[in-house]
Amino acid sequence: MAHYRASESKREQFRRYLEKSGVLDTITSVLVALYEETDKPSNALDFIKLHLGAAGPEPADVETLRMELADLQQKCNLLMGEKKELRNRLMQYEPLPEEGAAE
């Protein structure tokens, strides 16, 4: 009988922990959303994962972001090269202050 109460106490502690951390509210809201869905999804687990944020980004979104990243890296490299070239051209007309002070 004492073993039964000890495990019951652990269950109650765990339930309070889940409630305090907001897990029960979140799971309840996702299950309510699934229940209220007029067109039930074919895969309820995927629905739950998606609404809990565990599904991750869609592969198409990832590929779009990769392409955008590559494009922006290329533009950054181009601008860095242009900056270097413009700095070199500027140095032809305006020497460093240390060089001008030495004369």
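1. Let's start with a term: helices (H or I, at least four residues) and strands (E, at least two) are DSSP runs, numbered from the N terminus. Read along its sequence, this protein goes α-α-α-α-α, and the tally is 5 helices and 0 strands.

2. A quick word on what you're looking at. This is a predicted model, where local features need pLDDT of at least 70 and side-chain atom pairs count only at pLDDT 80 or more, while totals for chains, interfaces and linings use all residues. Residues are numbered from 1 along each chain as its sequence is written, and side-chain values use heavy atoms, with hydrogens and water left out.

3. Now the surface. The protein exposes about 9600 Å², with carbon and sulfur atoms supplying 58% of it; accessible areas come from the Shrake-Rupley method with a 1.4 Å probe, and for residues only the protein chains shown count as cover. Buried residues make up 4% of the 103 residues. Here buried means under 20% relative accessible area, exposed means over 50%, and partly exposed is in between (1.4 Å probe, protein chains only).

4. How far apart are the closest N and O atoms in its salt bridge with Arg16? They are 3.7 Å apart, and a salt bridge is a side-chain nitrogen of Lys or Arg within 4 Å of a carboxyl oxygen of Asp or Glu. Glu12 also meets Arg15 in a salt bridge, at 2.6 Å from N to O. Glu12 and Arg15 are 3 residues apart in helix α1, about one turn of the helix. Arg16 and Glu12 are separated by about one helical turn too, because they lie 4 residues apart in helix α1. As for cover, Glu12 is partly exposed at 33% relative accessibility, Arg15 is partly exposed at 36%, and Arg16 is partly exposed at 46%.

5. Over in helix α4 (residues 59-93), Lys75 and Asp71 sit 4 residues apart, about one turn of the helix. Their side chains meet in a salt bridge at 3.6 Å, N to O. Lys75 counts as partly exposed at 46% relative accessible area, and Asp71 counts as partly exposed at 35%.

6. Phe14 and Tyr17 are about one helical turn apart because they lie 3 residues apart in helix α1 (residues 2-20). Phe14 is partly exposed at 49% relative accessibility, whereas Tyr17 is exposed at 52%.

7. Another ring to check is Tyr35: the charged end of Lys40 sits over it, 5.7 Å from the ring centre. That label requires NZ of Lys or CZ of Arg to be within 6 Å of the ring centre and within 35 degrees of the ring normal.
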